[in-house]
Amino acid sequence: SHIMKLIWIISLASVIGLAGLGCSDFLEREPKNMLYPDTYYNSEKNLEAALTGVYSTLGDTYLYGNNYVVGLGNDADESYYFRSTYTYGPVIYNHTASDAGVSNLWTILYKGIGRANLLLYKLPQAEVEEKVKERIKGEALFLRGYFYFLLVQTFGSVPLVLEPTLVPENMSVPQSSPADVYAQILKDMEMAEGLVFTLNDVNHAGRVTQSAVRGILARVCLYMAGEPVNDITKYKDARYWCKKVMEDTEFKHELNPDYRQVFINLAQDKYDTKESIWEVEFWGNLSDAYGETGIIGGMNGINNDYDSEIGIARGMYAATGTFYKIYEEDDTLRRDWNIAPFTYSSTPDEKDNSKYHTVKVYHAPESYWRRYLGKYRREMETLVPKAAHNTPINYPLLRYSDVLLMYAEAENELFKMPTGAAYNAINQVRRRAFGKLMEGAVDVDKYDVRGLDYRSFQKIVREERSRELCFESLRKGDLIRWGIFVERMHEVADDIEQDMADVKEVNYKPASYCVAGFRNVSEKHILQPIPAKELSLNRLLKQNPSW
């Protein structure tokens, strides 16, 4: 995998030489008058470099490199900002249409789309093997579709731009409805499905493969079946795409027997594509020019100010007690990995007071509002020396457990009752959670769910998604598509106030601004505002309701 990354790093260096190969953000008023020599696109190496430019959007600091993972409140009812200094922003839902994080997310997604559009425009003339062109076309189409998927779920109606925009008069583009944007996403991704590598070809989670396309298509279909599009015919399609992954005979997907190992692998640059199907690649430790680090585990990990060997981390977020309490009593292996049961502290050496040791201090059982996110742990990184706050930990975009849970959900919604296949899918995830897939496990079906009606199964699937997929930037989108986002955020506020009343320790309770953050949420926050900057540049844009 290190060799694969090195190829990508070299490609990325070529891309940077071409100013990222993106046309300027299509809504900017000053187009970059750059030359795009046709000869550039005539070698496979350069086409790969251009494609790497499209991929690099994923790791951008305004997307999975930082802001989208922590700054935009994506984990909804699962976590909250654990610093009393923060008084404004999307994470506590009191921001405006001028918020920089929201604006930069819009910009970077359209830059990625611009890069994909340019590559797709130039590709037909390239004098390279047809099968290479087809595969590159598939990856570029899928990534364009994925960027639009993030845009439509975040902003609602957005401009649909499918050609490179190199002249100023094309820059004012009206918004397309969510239904139309989704139709284009499906078109791009369905075409990509037959063109991209299979996991047998590359076995590399940083690359878009057929399994990734199918799994994300299932996700897109579930979103279409829910709010705001409400096309319930898409449950059938979501089930179809999940089955394509689950029943793939050429590459057999299965869960890693140990839940914790999935995230240890992400920290150690080990691919396990049977489970971790698609990831955002991060690498390096800022010690040389070639690297693209993120903040996974550095900002959304266990706070550590003391020990650079473990890895310095700012614990910016804590898990909500509301989330902690949805774990069943025996689901401790998964719960105590996702929600750290300890903090790091520093203690003087018994023999030499000038030396200090880092120790783990474990929380009292009732202290469940002050726990850091434990999913991405810097102590598991193997690349040394470790950079401060920046990490090489990869970020999961699609895991096989998600495919199983999407299948269970789609099956239940389609038949208005859980089927044997739906139980089988959810119980695979639950067996792994309770350690029942490990060697020597006994009583394997002890925690299986069975005998439920439609509503009870729906409830447990929704909870299971949170217990399994927390802190993977999926929760807010789930709550919105289920139509329960505002109600759920207010439930967390109620829960905080209840627990404040129950627990007398002054230091235990989350600060009152945290309650306000959940209480601030209203219907308007189902979508982010169209950035004020874009409204001033593109007169055809209309602001989202109540912004």
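Buried, as used in these legends, means under 20% relative accessible area. Keep in mind that the model is predicted.

**View 1. The whole chain, before zooming in.** Here's the protein chain with its 19 helices and 10 strands. Of its 547 residues, 61% are buried. Take the contacts with a separation of 6 or more: 73% of them are between residues 24 or more positions apart.

**View 2. Y93 and its positive phi.** Y93 sits in the loop between β1 (79–81) and α4 (100–122). Its phi is near 55°, a positive value in a residue that isn't glycine. With a relative accessible area of 5%, Y93 falls under the 20% cut-off, so it counts as buried.

**View 3. The loop between α8 and α9.** P228 is in the loop between α8 (210–225) and α9 (234–246), and the peptide bond joining E227 to P228 is cis, with omega about 0°. N230 is in the loop between α8 and α9 as well. N230 isn't a glycine, yet has a positive phi of about 55°. At 42% relative accessibility, N230 is partly exposed.

View 4. Look for P385 in the loop between β9 and β10. A cis peptide bond links V384 to P385, and omega there is about -5°.

View 5. The whole structure holds 27 aromatic pairs, and F323 with F471 is one of them. The ring centres are 5.7 Å apart and the planes make an angle of 85°, which is an edge-to-face arrangement. F323 belongs to helix α11 (residues 321–324), while F471 is in the loop between α15 (454–469) and α16 (475–481), so the pair ties together parts 148 residues apart in sequence. Both F323 and F471 are buried.

**View 6. A six-member aromatic cluster.** Which residues make up this one? The cluster is formed by Y64, Y68, Y259, F263, Y376 and Y395.

**View 7. Charges over rings.** Two close-ups share this panel. In one, the charged end of K360 sits over the ring of F342, 4.6 Å from the ring centre. In the other, the charged end of R481 is over the ring of Y223, at 5.6 Å from the centre.

View 8. A408 is part of helix α13 (residues 400–415). Is A408 buried or exposed? A408 has a relative accessible area of 0%, so it is buried. Leaving out residues up to four places away in sequence, A408 touches A422, A425, I426, F457 and V461. The C-alpha atoms of A408 and R239 are 8.3 Å apart, although 169 residues separate the two along the chain.

Technical notes:
Residues are numbered from 1 along each chain as its sequence is written. This is a predicted model: local features need pLDDT of at least 70, side-chain atom pairs count only at pLDDT 80 or more; totals for chains, interfaces and linings use all residues. Side-chain values use heavy atoms; hydrogens and water are left out. Rings of Phe, Tyr and Trp (its six-membered ring) pair if their centres lie within 6.5 Å; planes under 30 degrees apart count as stacked, over 60 as edge-to-face and the rest as tilted. Helices (H or I, at least four residues) and strands (E, at least two) are DSSP runs, numbered from the N terminus. Buried means under 20% relative accessible area, exposed over 50%, partly exposed in between (1.4 Å probe, protein chains only). A charge sits over a ring if NZ of Lys or CZ of Arg is within 6 Å of the ring centre and within 35 degrees of the ring normal. Contact means heavy atoms within 4.5 Å.
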